[in-house]
Amino acid sequence: MQVVFHLGAPCTDGDQLILSLLKNRLRLAQAGIAVPPPGRYRAVVRDTARALKGRAAGDEVQDALLDAILDDAAIDRLILSDPRFVCINRLVVQGPQIWPMIERATTQLRALFPTSPAEFFIGMRDPGTLIPALFKASRFSDFAEFTENMQPHAVAWSEMLRRLSVAHPDARITVWCNEDTPLLWGQIMREMAGVAPQSDLDGVDDLVQSIMEEDGFSRMQTWLGDNPPETETQRRRVLAAFLERYALDNEIQETLNLPGWNEALINEMSESYDADLDVIARIPGVTLLTP
């Protein structure tokens, strides 16, 4: 059995990815791919991982987990998703690092099914918008207090991914930019499910629909129905064209007004994030999905 861990990151897709996959739950189950509802496993996975503290789960523990998670344990691929698999939002960024505890947390997750091949999926986000989003989702009211132990200008996703790759050289790691997610949604769903690139899945336009005017989305669906694209690249061009015209401004633009953060710092962080993608593309064992 292969085990897929979708780690988030927090403040990226807002659980929409797993909800879109759940639309295909019965169809995927027929192919041996399990997409259980998050309520079935999030608490029990976290609690069991903490209790084991990295020790390999025995057969009885594994059987109990599968009984709690699945209706039928005879599967080939299990997909688990939780933006808090690694840590709470407040601890996502510490000092110059994203997820300083990634090695320990993922080792504990893999110990739940120690003989099963594992895959990790991560949606990245520009630290210049990620940190404010984490603050907004936290219980903190003071941004300076929230970021007290952070070095935002030094944060790099590549540093975290190198640590994850070294800790789990046998695990496949797939990442993408949250900013590109509307165009990559179908591919991400298929990669997580482990199905063929041309597989037809429900929900491939869920994210686009959520950030597009209703009339524009309807026009796009009609156009795609009348002019079926022959390739994924062609389909993405259509999505991009309709998003350019009909995207909801409040869904794709963010206004940041944070104490101690000026436009120059935010621009510097965005430029570093863009440059970091070239580094990420060269990390062994890491696959970077791009439009």
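The model is predicted. Helix α9, which spans residues 181–193, bends by about 35° around Q187, and α9 also gives the most residues to the lining of the second largest pocket. Across the whole structure there are 14 salt bridges, whereas the number of disulfides is zero.

**Helix α9**

- The kink of about 35° in α9 is centred on Q187, in a helix that is mostly covered, with eleven of its 13 residues buried.
- The buried residues of α9 include W185, G186, I188 and R190, while E191 is partly exposed, with a relative accessible area of 22%.
- Just after α9, G194 adopts a positive phi of about 75°.

**Second largest pocket**

- The second largest pocket holds about 470 Å³ of space, and its lining is made up of 26 residues, with G186, R190, P197, S199 and E232 lying nearest its centre.
- Two or more lining residues come from each of α9, α10 (206–210) and α12 (232–246), and the contribution of α9, at seven residues, is the most.
- By residue class, the lining of this pocket comprises ten nonpolar, seven polar and nine charged residues.

**Salt bridges**

- E191 and R172 form a salt bridge at 2.3 Å, N to O, which connects helix α9 to strand β7 (residues 172–177) over a separation of 19 residues; R172, at 30% relative accessible area, is partly exposed.
- R236 and E232 form a salt bridge with their closest N and O atoms 3.6 Å apart, and both residues lie in helix α12, four residues apart, about one turn of the helix.
- Within that pair, R236 counts as buried at 11% relative accessibility, whereas E232 counts as partly exposed at 27%.
- A network of salt bridges links D15, R42, R46 and D82.

**Cysteines**

- The closest cysteine sulfur to that of C11 is in C87, 11 Å away, which is too far for a bond; C11 is partly exposed at 22% relative accessibility.
- The sulfur of C177 has its closest cysteine sulfur in C11, at 16 Å, again too far for a bond, and C177 is buried at 4% relative accessibility.

Note on methods: Residues numbered from 1 in each chain as written. Predicted model: local features only at pLDDT ≥ 70, side-chain atom pairs only at ≥ 80, totals over all residues. Heavy atoms only, no water. Disulfide = S-S within 2.5 Å. Buried < 20%, exposed > 50% of the residue type's maximum accessible area, 1.4 Å probe, protein only. Bend = angle between axes of the 7 residues up to and from the residue. 1 Å grid on protein atoms, 1.4 Å probe; cavity = no way out; pocket = protein on both sides within 12 Å on 5 of 7 lines; lining within 4 Å. Points joined across faces, edges and corners; volume = space filled by probe spheres on them. Nonpolar A, V, L, I, M, F, W, Y, C, P; charged D, E, K, R; others polar. Salt bridge = Lys/Arg side-chain N within 4 Å of Asp/Glu carboxyl O.
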